[in-house]
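Q: Could you walk me through a few features with the structure open beside us? I'd like the general idea each time, then the case at hand.

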Amino acid sequence: MTSVSAKLVDALAAAETVVVLTGAGASAESGIATFRDPDGLWEQFSPEELANVEAFLDNPTLVQGWYRYRQVAIEEAAPNAGHRALTRLEQLVPRFACITQNVDNLHQEAGTERVIELHGNIIRSYCIDCGEPHTLDASVAADDDPEPVRCDECGGLIRPDVVWFGERLPPDAIASANAWARDADVFLCVGTSAVVFPAADLPLEALDHGAYLADVNPDTSAVSGKAQVHLQAPAGEALPALVEAVAARINPEAA
Ligand code: OAD
């Protein structure tokens, strides 16, 4: 452990409130493609075509099919060592929130209790007309069937419960995320390029309010240069080692 990350261990062990902001990189080691890396999802598919409401209304079958494809990949994925380390960290510190831009449910599956979903959750879907929850499961049309999935109640189109380009974030989620960011003693960015707003404001807001800011990213993100510490390693390697050190620092006798 370097002296710089020893400072992070000290800060985490002394913190009352620890806040984590995760992005697609947190799930990369679970086999889920990120958005902006060279083999990311947006390299293979055009977001203009698929992730906005106009495109959905234009071609609901295509968009439902793409989301069902992503759901299947996500359902097959399991939390990785980074997700599990964050769950352990939640249990070690007095107050903890995991704010995530991910829609894959993997923090919840790893057992993290306070998860704030900024961009929704791909596992859920709902009717755009009556709002009834629905599923996009086997009922999604096969390629040769142009009929989109519709609501059993009112016949409205079914869409995934994710935030699309041009849409507002769920107001409760972003309000809660802002409040946690302002309260944070330590704010940890994990696996996010930190270029999509308003999520990308959260680390800066935490910094403005006196938080110790750390970035966990094998590459350089928009916050790496502003952070007190940049752990330049994959989350699945950096986080277990970090949290192990925090546990030992909090309770040396148990180590
Ligand atoms: P990006 O794809 O923009 O960034 C992923 C980041 O993860 C990059 O900085 C990588 O260097 C880093 N990374 C890759 N592998 C990693 C690993 N094993 N451990 C840690 N970091 C790793 O994804 P996001 O920042 O999440 O929004 O993108 C933000 C939003 O842009 C997404 O939520 C999505 C997209 O538009 C919506 O869909 C609304």
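Q: At what angle do helix 8 and helix 9 pack, and how far apart are their axes?

A: Some ground rules before that. This is a predicted model, in which local features need pLDDT of at least 70 and side-chain atom pairs count only at pLDDT 80 or more, while totals for chains, interfaces and linings use all residues. Residues are numbered from 1 along each chain as its sequence is written, and side-chain values use heavy atoms, leaving out hydrogens and water. Now the idea: two packed helices are described by the angle between their axes and the distance between the axes. Here, helix 8 (residues 171–183) and helix 9 (residues 201–208) pack at about 35 degrees, with the axes 7 Å apart. The axes are lines fitted to C-alpha atoms, for helices over the stretch in contact, and angles run from 0 to 180 degrees between N-to-C directions. Helices (H or I, at least four residues) and strands (E, at least two) are DSSP runs, numbered from the N terminus.

Q: Which residues make that contact?

A: With contact meaning heavy atoms within 4.5 Å, helix 8 brings A177, N178, A181 and R182, and helix 9 brings L202, E205 and A206.

Q: How do I read aromatic pairs, and how many does a search of the whole structure find?

A: A pair of aromatic rings is described by the distance of the centres and the angle of the planes. Rings of Phe, Tyr and Trp (its six-membered ring) pair if their centres lie within 6.5 Å; planes under 30 degrees apart count as stacked, over 60 as edge-to-face and the rest as tilted. The search finds three pairs. In one of them, the ring centres of F56 and W164 are 5.3 Å apart and the planes are at 50 degrees, so this pair is tilted. The pair links distant parts of the chain, 108 residues apart: F56 is in helix 4 (residues 53–58), and W164 is in the loop between strand 6 (158–162) and helix 8. Another pair, W66 and Y67, has centres 5.0 Å apart and planes at 75 degrees, so it is edge-to-face.

Q: Which residues form one aromatic cluster?

A: F56, W66, Y67 and W164 do. Buried means under 20% relative accessible area, exposed over 50%, and partly exposed in between (1.4 Å probe, protein chains only). F56 and W164 are both buried, and W66 and Y67 are buried as well.

Q: Which arginine lies over the face of W66?

A: A charge sits over a ring if NZ of Lys or CZ of Arg is within 6 Å of the ring centre and within 35 degrees of the ring normal. R70 lies over W66, at 5.0 Å from the ring centre. Likewise, R95 lies over the face of W180, at 4.4 Å.

Q: Is A194 buried or exposed?

A: A194 counts as buried, at 7% relative accessibility. V195, found in the loop between strand 7 and helix 9, counts as partly exposed at 42%.
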